[in-house]
Amino acid sequence: MQRLRRWLLGGPAAGISTVPYKKVSDEDEEASELARLVAAGPGPHAPRGGAPATRRAQAAGAVEHLVLSVTGMHCSSCSSAVESALKALPGVLSAEVALLSESADVRVAPALLTAEAVADAVEACGFGARLVSRKREGPSDGVCTVKLDVRGMHCSACSSAVEAALQAVPGVQSAAVSLAVQQAEVRYNAGTVAGAGGSGLSIEQQLVAAVEDCGFEASVIGPAESCQQLLRVGGMTCSSCSSAVEAALRAVPGVQEASVNLLAGTAEVQFDPEVAGPRHLVEAVEGVGFEAAAITGQRLDFVDNNRRETEEWRRQFRNAALLTVPVFIISMVTVHMHCMRWLYRDMVGGFPLDQVVKCLLATPVQFVLGWRFHRGAYRALRSGRANMDVLVSMGTNASYLYSLISMLHHHIMRHHMSGAYKPTDFFETAAMLITLVLMGKYLESAAKGRTSDAITKLCQLAPPTALLLMLNDSGEVLGEREVPTELVHRGDVLKVLPGARIPTDGEVVEGTSYVDESMLTGESAPVHKQAGDAVFGGTVNVGGALRIRASRVGADTALSQIVRLVENAQLSKAPIQAFADRVSAVFVPVVALLALLTWALWYAAGLAGWYPDSWLPQGHTTFLFALLFGIAVLVIACPCALGLATPTAVMVGTGVGAANGILIKGGEALERACRVRTVVFDKTGTLTAGKPHVVDVKVLHSELSVADVVQLAAAVEQHSEHPIAAAILALLQQQQLKQQQPVGKLAEDSSHRGTAPPLPTSNVEVTVGEGISGWIQLPSAAGAAGSGSSAQSLNWASLRDVLAASSAAAAAAAAQAPAAGDAGLEGLVSSAAATAALPAAQGAAAAEAQQAGARLAEVLITVGNKRLMAESGITLPQAAQAYMREKESCGSTCVLVTVQQVLIGVIAVMDPIKPEARGVVAALHQMGMKCVLLTGDNWRTARAIADQLGVSTVFAEVLPAGKVDKVKELQAKSEHAVAMVGDGVNDSPALAQADLGIAVGSGTDVAIEAADFVLMRSDLEDLLMAMDLSRTTFNRIRWNYVFALGYNTLMIPTAAGVFYPLTHMQLPPWVAGACMALSSVSVVCSSLLLRRYRRPRPVLRDMLIIQQ
């Protein structure tokens, strides 16, 4: 869980040793191996760049990531049109548009294209566009920024001198020195510096030398960070106002750049987050007399947009209904009421009163409330596409214009003077079509808003305000103030009261309490927190008061990362969505053609007398009769339902997953999960708890004790982060607690317990997947007996006897060791072994040094598996092999310990199987999936674990590169998708290669990054829920397509009158419009049923598999 949190926070992996040795650490070696494997080739679903234009643009300069809010999209044809328009712009590297979230992610080359041009391209398609955020992703023309710590400045003259000295360094573009924070920020051109460098000094060294030549002290802090903040500034009326605001912002220490837009009322500021923050910027603007507020740049503002859009649809529907209901009553109800005959008999200007009233009421509905449809149709046709607006506009305009022409025709021909006059207008059709479509859009918008409820709840977890403690230089509290959460800075100390939500990510500095993290991880039990523990924004403090120091704020918090990941899932389209996009692209033109064909066929049939006159309704002509069929076809077809089928289901499904601690990276991952029939498991940390413990130690020489073997193994394992290393150190801790002699990682406690430091270790070398070795420094025999170091607890006399038994191996190791190791070996093996292997003169010298007790020795300690021993030329005795067979058959992993190529012991480590693992494997078998165990452990241990779990297919002793090959082999043999479940760095290449990568919450950052699904908890039952939720969501997508396609397949022929000869029932156009409006609502409501999803039944835990 800690690694998941670090990944969400974007921080470095913790706990890496800083001891210098040949291969710096386990993770460095594994990272190198990972880089080699990933470079060999990405997985089948890995993102592939590589377009020549893209590569050239990225190589030429920075890449700018733009996020736009796009309004006015109704269906997939709209989003496809926006995406196509963006991709057609020169300088656009990639563009993705999400229909439901109403957003567009665009990566551009800023040298070729501006953000304003991107927004204009969207608006040219007929949609609204607003820039939400922008971020540089690469170097800007080779310009780099470095920050220096400068000491000794006392006045502005000092800072000016330093600034001038820095600017005089070749290649420096600009330098800014802050007297208040005693820091300097320098921007330089890397290419110029590289070309002009003749002194042999790096640019950092040149800058430090320049400052020191001025008489000040300087040191390099590192590359300067840069954050961007948008401010909304109120009260500016002229250019002098904007200049004052810009000057105030530039005067804030840490601000790198500031620009103010007077017309938009905004300010864009780039600053160093270590020095400045949004609160400083707001205070600076308010200090010059203007109002200011931070714009958070939250990409989920589509939630607010949806609320506003829903309210707008509701208002328009209400106004349309107020005008349409009287038209409907006049056309359908009062015509049958004797008391209302005057309405149809009276004349106004030569026109029947009822027609005048209907025309006056229908006109504002048609051209005011329905104007958005006509405008949308015009813009769509102008850009060469067609959408739902085209169908609605064509249908309603045909109805209204025919009614108006009919009304004028009868007036000119004075037909109303005849007693047999029957009106042929249908203004009610146009008005009711607009009103019912508005009603459908209102219901659809309200339903779409509910699809994001899960994400909205996540966004609302963070409290709006925080209690900021005002501290003096000594850390004493001077007071507290309430500030908006978005104005909290990194490093601020906050007070969290009992029952309150934690405002941002941070570290507890004072107090103890329990924190409910269920809203982020799904873990119901509160977690105990004390000083030094990490806390996360949005979680609830359910115990005592806490003081925390903010470490991650704004978009960097774990909660924001989760929300961003869930939102980004909308940009990943499922392959099935491509079908809807293809259909939507031709849907409207085909429907328009069908409507025209329907009218033509019915009109021709009427003229030819192919149907009796009795089919014509009273007052209708052949033309009107045919026109009603054509209009019904136009307005009953609904492309929106097809476009909403996939994104609404994905939105609800990913939201449900996030609420249950399962992060799903898009619809494509959902679809692949439904095709999985083979699940490959890593062992350590996935099927097992990842917390191994030592169950037994076998000493292979009677002269040595268990404590000797453990202490020698721990001497090198203290530099490893491997779980087995932690198990050996834990055993050593137990021994040291008994003896009050902590070593290894317990050394940091030794200062206050009065114990000796651990054995010195140097030249540590890690062999990935095999083990670790290193040289430990030991005192001579006399020194060991008399010194106060931890070496005195080892039985060195017995160890010399062990070494004497294999002098040849010791001599070979000494020949390959460093010079210090040769001298140390001479002092160590001063007994018969050294005398036989070395010249007499050297032996005498060694004996003399040993008596003096001043000579130190170095001994090679190797801890690893059988493969490492074989590569080192070490033969395992029968006793060791028999012991390893016994322990490995029970599921233990055996670790071999050697000293100078001599095997001295075997440590058996057991990693307990997770209690739910057996039940999860059994449940996967019931779901029709094949389970495979893939591990780097030995065959006997792997088979023992597999037998306990009920897994029949096992691959053991597989290195990271081999894991990728095994996954490829399974993919080649299977007709279905292959999923990989893992947690380690060495699993990430296999996760990327698999059709579906699933990372468990305790996994490493790299593994989580490479995965398609992330289980935020380490509970494997979440794997069952992830697979079941994927199947349920994808089945819902299929049902949505059944509704959408089935509706259009059935209703278009009905509206065209295919069944009229049998039923003699003509579908009125306004009824067809109501059906169209409700069809998309039905699809959205179908997706909303996913909110009722329930987890699969819990599996049996601690279950025993009995082999028959």
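Two strands pair if DSSP finds at least two bridges between them. By this criterion, the predicted model contains an open sheet of 7 strands. The strand order is β24-β36-β35-β34-β25-β32-β33, and the pairing is mixed. Strands β24 (662–664) and β33 (953–955) form the edges, and each pairs on one side only. Neighbouring strands are turned by 20° against each other on average, with direction ignored.

Strand β32 (residues 930–934) pairs with β33 in the parallel sense. The pair is held to 3 bridges. Leu933 has Val954 in β33 as its bridge partner.

Helix α23 (residues 667–674) lies across β24, β25 (676–681), β34 (977–982), β35 (996–1000) and β36 (1013–1015). It runs at about 100° to β25. Helix α40 (residues 1021–1055) packs on the sheet as well, touching β24, β25, β34, β35 and β36. The direction of α40 makes about 145° with that of β36.

Helix α40 has a helical partner too. Two packed helices are described by the angle between their axes and the distance between the axes. For helix α35 (residues 917–926) and α40, the angle is about 20° and the axes are 9 Å apart. Angles under 35 degrees count as roughly parallel, so α35 and α40 are roughly parallel to each other. Val920, Ala923 and Leu924 of α35 make the contact with Glu1021, Leu1023 and Leu1024 of α40.

A second open sheet has 4 strands in the order β2-β3-β1-β4. Its pairing is antiparallel. Strands β2 (92–98) and β4 (128–136) stand at the edges with a single partner each, so one side of each lacks a neighbour in the sheet. The twist averages 20° from one strand to the next. Within the sheet, β1 (residues 64–71) and β3 (residues 103–108) run antiparallel and are joined by 6 bridges. Glu64 stands opposite Val108 in β3.

This sheet also carries helices. Helix α4 (residues 76–87) packs on it and touches β1, β2 and β3. The direction of α4 makes about 170° with that of β2. Helix α5 (residues 115–124) lies across β1, β3 and β4. Its course is at about 150° to β4.

Helix α9 (residues 239–250) was examined for length and burial. At 1.5 Å a residue, its 12 residues should span 16 Å, and the end C-alpha atoms are 16 Å apart, which agrees. The buried residues of α9 are Cys241, Ser242, Val245, Ala248 and Leu249. These residues cover an arc of only 125° around the axis, which puts them on the same side of α9. An α-helix has 3.6 residues a turn, so residues three or four places apart point the same way. The buried residues of α9 pack against β9 (227–234), β10 (255–261), β11 (266–271) and α10 (278–287).

Helix α42 (residues 1069–1088) has 20 residues, which should span 28 Å at 1.5 Å a residue. Its end C-alpha atoms are 29 Å apart, in agreement with that value. Of the 20 residues, 14 are buried, so α42 is largely enclosed by the rest of the structure.

Thr435 is placed in helix α16 (residues 427–451). Buried means under 20% relative accessible area. Thr435 has 7% relative accessibility and therefore counts as buried. Leaving aside residues up to four places away in sequence, Thr435 touches Phe317, Ala320, Ala321, Thr324 and Val365.

Conventions: Residues are numbered from 1 along each chain as its sequence is written. This is a predicted model: local features need pLDDT of at least 70, side-chain atom pairs count only at pLDDT 80 or more; totals for chains, interfaces and linings use all residues. Side-chain values use heavy atoms; hydrogens and water are left out. Helices (H or I, at least four residues) and strands (E, at least two) are DSSP runs, numbered from the N terminus. Axes are lines fitted to C-alpha atoms, for helices over the stretch in contact, and angles run from 0 to 180 degrees between N-to-C directions. Contact means heavy atoms within 4.5 Å. The expected span of a helix is 1.5 Å times one less than its number of residues. Buried means under 20% relative accessible area, exposed over 50%, partly exposed in between (1.4 Å probe, protein chains only). The arc is that of the directions from the helix axis to the C-beta atoms. Angles under 35 degrees count as roughly parallel, over 145 as roughly antiparallel, 65 to 115 as roughly perpendicular and the rest as oblique.
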